[in-house]
Amino acid sequence: MKAVILDGIVLGLGFGLLGVGLTLVYGLGGVLNLAYGEIAVFGAIVVSQVMDRGAPTLVAAGVGMLAAAALSVLLDLTLMRPVYRQTGEERTLLGLLLTLGVAFVIVGLLNWKYPTGALYIFVGGDPISIAGVPMAAGSVWASVITLGVAGVLLVFFGLTTFGRGVRSVIQDETGARLVGISPSLVRTLIFALSGGLAGLVAVTRSMSAPLTVTAGFDLTTFALIVAVVGGLGSVAGAFLAGVLLGIVDNVSAHYIGEYITAIVLLAAAAITILVRPRGLLGR
Amino acid sequence: MGGSAVSAAPGPRPRGPRLARLLTRALLPIAVAAAILVVLPPLWFGDSPYTTGLAVEALVFGCYAVGFNLIFGSTNQLFLCVGALAGVGGYSTAILSDKASLPLAAGVALGTVSAAIVGGLLAWIAVRRSLNVIFTGIVTLVFSLAFTNFIIGQRDLTGADTGYVLQGAATDLADDRVGGYYLFVVVLVVLLIVFRALQLSHVGWAFRALRDDEVAAELAGVDVARYRIYAAVVGSAMIGLTGGLYAYSLGFISPVTYGFAQVDVQVLIIVAFGGMGTLLGPVIGAAAFGFLDRALTDSGQLREAYYGAFVIAIFLFLRRGVVPAAVGLFDRLASLRRGAQRVDGAPGRAER
């Protein structure tokens, strides 16, 4: 039981990180970025290409994250501009449709150029024992990295001036502008952060199982569910939702069976949304 | 807003030639579309089974889009479960007619009813919890994914990923693609007439009110919750019926036939492209993407990338969809000719 829950937490932290990138962009730009998973896959393919050229893994991972961040910023600076000029539901819908188009373009180009592309980062070493449960070195390292980044993000948004500035823009754009914060600059920086996080998720995921070109759709839907269950715009909420759903997923996978698990997981997400439409930690 | 559609029909009841004129005006767009669809196979692609197959698919997507347009375009409920609702119709039809050996028509009817019930329940939940567009979208998306997993999980009943062959399927329809084509032309026309009838009745009036401003509509006495559920039930029935008949005409279904990525994404793009809430928007959208499908046949691996680029381009330049853009252009031309006199869209005129 302990092992199952521990595994669930590891899985959930990854879900959480996925959700954070999406939730921040939604909070700031009002855009649900449906190309999010594809940006992660793009990052993964860049990492694998750089590694093939003989670069050390860490360097390759850095390059991949930067590439994903750059792609995300490019999206903010070009295609998302007309979206920001809309308001309310028109903005949401236009954002959905344009990022959907972008997702098709990215996955189409990747499929064409690297049809068998995949990223697998092998982490050697014996299983590491945590609370008496032996766990694969790769997933332990992946969760250490994820936990570290999660901590940094929570501290950043909770304690630093810039982090608070970002939250102020999420809460009240006009108010933020009045105290001298530029919403569009903040937005661009958050798109960069979101892209970087997508790249990071791609890297940490590939440490326990290969990440293929076709993984984008699943990544996007998981990010979407986690972000909504956690409360759109809430970083802590995304992590909480990720971990909870990760545990539900693993426990039911272990005791019930594969396909029913997915249904249990999805039902858990749906019930959370229905009981608390604002999400776990949403405002 | 009580009473039946007839008693609440706006204005005095027209008689004789006026009624005929009104009917002509109301049904003319549908008749024109139907005529074009009927003559297409002999004039163009009837001799190519491949293109006819694509045309059948475009028609099926057109039918899904009419249902989705009723739910999302008319009452702002983002149902991201078109594929799943069609799947409810399709698998019910398949299993009921094969395993419970019901006649096909009964299977299709029960499939349609099941889809309507599921869609109505989803709308009821969304209304009760007053979910906004995005949350309705996520809950229905979750339902879609759960449905796919459920189908894959029930291997004995549904054949899981391998798919399910309908023994009772009409082989003449499955072999002769043109027959399937005409079947779906009929279905599309029937769905369009239902849509038009709703548009012109008091229901359409309520739809327009709640789409423009939900709070104002509620204050004006429109029972928003009731009309939302109403739209979802009728729209889901349309989708379920199409899904059931599609299963029957294909003779083979698998989770991919009704997958979220395969159906919902496409339907959303079709309706947004054609123009949300418009009568012919779904048909024009489905036709445009049918052509695009045919044009991209030879581009192989890059197909998806071109498709995405096209989607981006149309939504950058044609934000409100083809039909509203065309109506706007027509209005401007007409008002140029008649001075400053204002010209309303067709539904408004028919009501007066």
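Author: The buried residues of H12(A) pack against helix H10 (216-230) and H11 of chain A, together with H5 of chain B. The model is a predicted one, in which local features need pLDDT of at least 70 and side-chain atom pairs count only at pLDDT 80 or more, while totals for chains, interfaces and linings use all residues. Residues are numbered from 1 along each chain as its sequence is written, and chains are lettered from A and ligands numbered from 1 in the order in which they are written. Helices (H or I, at least four residues) and strands (E, at least two) are DSSP runs, numbered from the N terminus.

H12(A) has 18 residues and reaches 26 Å from its first C-alpha to its last, close to the 26 Å expected at 1.5 Å a residue, where the expected span is 1.5 Å times one less than the number of residues. The buried residues of H12(A) are Thr261(A), Val264(A), Leu265(A), Leu266(A), Ala268(A), Ala269(A), Ala270(A), Thr272(A) and Ile273(A). A residue is buried if 20 or more other C-beta atoms, placed from the backbone, lie within 10 Å of its own, exposed if 12 or fewer, and partly exposed in between.

Consider next the partner H11(A). The axes of H11(A) (residues 235-255) and H12(A) (residues 258-275) come within 8 Å and cross at roughly 150°, which makes H11(A) roughly antiparallel to H12(A). Axes are lines fitted to C-alpha atoms, for helices over the stretch in contact, and angles run from 0 to 180 degrees between N-to-C directions; those under 35 degrees count as roughly parallel, over 145 as roughly antiparallel, 65 to 115 as roughly perpendicular and the rest as oblique. On the H11(A) side the contact includes Leu245(A), Val248(A) and Asp249(A), and on the H12(A) side it includes Glu258(A), Ile260(A) and Thr261(A). Two residues are in contact if their C-beta atoms, placed from the backbone, lie within 7 Å. By class, this contact has 8 nonpolar, 2 polar and 2 charged residues, with Ala, Val, Leu, Ile, Met, Phe, Trp, Tyr, Cys and Pro counted as nonpolar, Asp, Glu, Lys and Arg as charged, and the others, Gly among them, as polar.

As for the other chain, 32 residues of chain B are in contact with 36 residues of chain A. The elements of chain B that give two or more residues to its side are helix H5 (133-153), helix H12 (260-274) and helix H14 (303-317), and the largest share, 12 residues, comes from H5(B). That side of chain B divides into 24 nonpolar, 4 polar and 4 charged residues. H14(B) packs with helix H5 (residues 88-113) of chain A at an angle of about 160°, their axes 7 Å apart, and H5(A) and H14(B) are therefore roughly antiparallel to each other. H5(A) passes H14(B) in a left-handed crossing.

For another pairing within chain A, the axes of helix H2 (residues 36-52) and helix H9 (residues 183-205) come within 8 Å and cross at roughly 60°, so H2(A) and H9(A) are oblique to each other. The crossing of H2(A) and H9(A) is right-handed, and their contact has 10 nonpolar, 3 polar and no charged residues.

How values were computed. A crossing is left-handed if the near helix is turned anticlockwise from the far one by less than a right angle, and right-handed if clockwise.
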